[in-house]
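Thanks for coming. I have one structure to go through today, so let me put it on the screen.

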Amino acid sequence: MPHTPSPATPSPATLEQLLAAVPADVRAVFSARTLHPLLPAHDKTGTLLHTLEVFLRHDASWSRTAAALHLHVNTVRYRVQRIEHLTGRDLTRLRHRLDLRAALLCHAETTRAEAAHAEAAQESGGAAADGAPARGPLSR
């Protein structure tokens with residue numbers, strides 16, 4: 001039976017909470033360096049990045065990932081092998097899965113922040129709040 005924290009017992013900390021305490025620029029650099037070969041500049045379709053997200057969400061289960069993506073399990077195996085080759089990570093190792101999971105969380109937050117920044121710039125007539133020109137989600 002799962003433990004329910006009492007009011008005096010703090011709830012368990014999460015990876016998301018830990019990463020929220022890391023400065024945004026550090027999160028952006030970490031995700032870019034870790035996921036570099038899977039990002040749209042290298043994988044135009046985003047297939048490998050999406051496969052990685054689903055694979056980790058399903059606790060590295062080949063069959064559940066295949067079902068979620070409506071693919072044959074061998075296709076998932078091939079994609080995961082490509083991800084491992086491109087990132088230099090071994091997804092059978094917990095440490096490497098954690099690195100990639102953290103990078104995905106950082107990437108998602110960076111993407112959300114950039115989209116919000118671009119939206120705010122559009123609403124203010126094309127200039128960012130700091131007076132700089134508006135930037136797209138992938139510009140640096």
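**Contacts and core**

I will start with a single residue. Leaving out residues up to four places away in sequence, T65 touches V54, F55, H58 and V76. Please keep in mind that this is a predicted model.

Where does T65 lie? T65 is in helix α4. Is T65 buried or exposed? Its relative accessible area is 0%, and the cut-off for buried is under 20%, so T65 is buried.

Helix α4 covers residues 62-69 and helix α5 covers residues 73-87. The two pack at an angle of about 105°, and their axes are 8 Å apart. Angles from 65 to 115 degrees count as roughly perpendicular, so α4 is roughly perpendicular to α5. On the α4 side, the residues that meet α5 are W62, S63, T65, A66 and L69. On the α5 side they are V73, V76, R77, R79 and V80. By type, this contact has six nonpolar, two polar and two charged residues.

Now the core. The largest nonpolar core has 17 residues. Which of them touch the most other members? Those are L35, L38, L52, F55, L56 and L91. Two or more residues of this core come from each of α3, residues 47-57, α5, and α6, residues 94-123. The largest share is from α3, with five residues.

Take L91 from that list. Setting aside neighbours within four places in sequence, L91 is in contact with L52, F55, L56, V80, I83, E84, R97 and L100. F55 is also one of the residues that T65 touches, and V80 is one of the α5 residues that meet α4.

Over to α3 and L49. L49 lies in helix α3 and is buried, with a relative accessible area of 9%. Neighbours within four places aside, L49 is in contact with L35, L38, L39, D43, L104 and H107. L49 and L39 are 10 residues apart along the chain, and their C-alpha atoms are separated by 6.8 Å.

That brings us to H107, which lies in helix α6. What does H107 touch, not counting residues up to four places away in sequence? The contacts are S31, L35, L39 and L49. L35 and L39 are also among the contacts of L49. One distance to finish with: H107 and T34 are 73 residues apart in sequence, and 9.8 Å apart in space, C-alpha to C-alpha.

That is what I have. I can take questions now.

Methods: Residues numbered from 1 in each chain as written. Predicted model: local features only at pLDDT ≥ 70, side-chain atom pairs only at ≥ 80, totals over all residues. Heavy atoms only, no water. Axes fitted to C-alpha atoms, helices over the stretch in contact; angles between N-to-C directions. Helix = DSSP H or I, 4+ residues; strand = E, 2+ residues; numbered from the N terminus. Parallel < 35°, antiparallel > 145°, perpendicular 65-115°, else oblique. Contact = heavy atoms within 4.5 Å. Nonpolar A, V, L, I, M, F, W, Y, C, P; charged D, E, K, R; others polar. Core = buried A, V, L, I, M, F, W, Y, C linked by side-chain atoms within 4.5 Å. Buried < 20%, exposed > 50% of the residue type's maximum accessible area, 1.4 Å probe, protein only.
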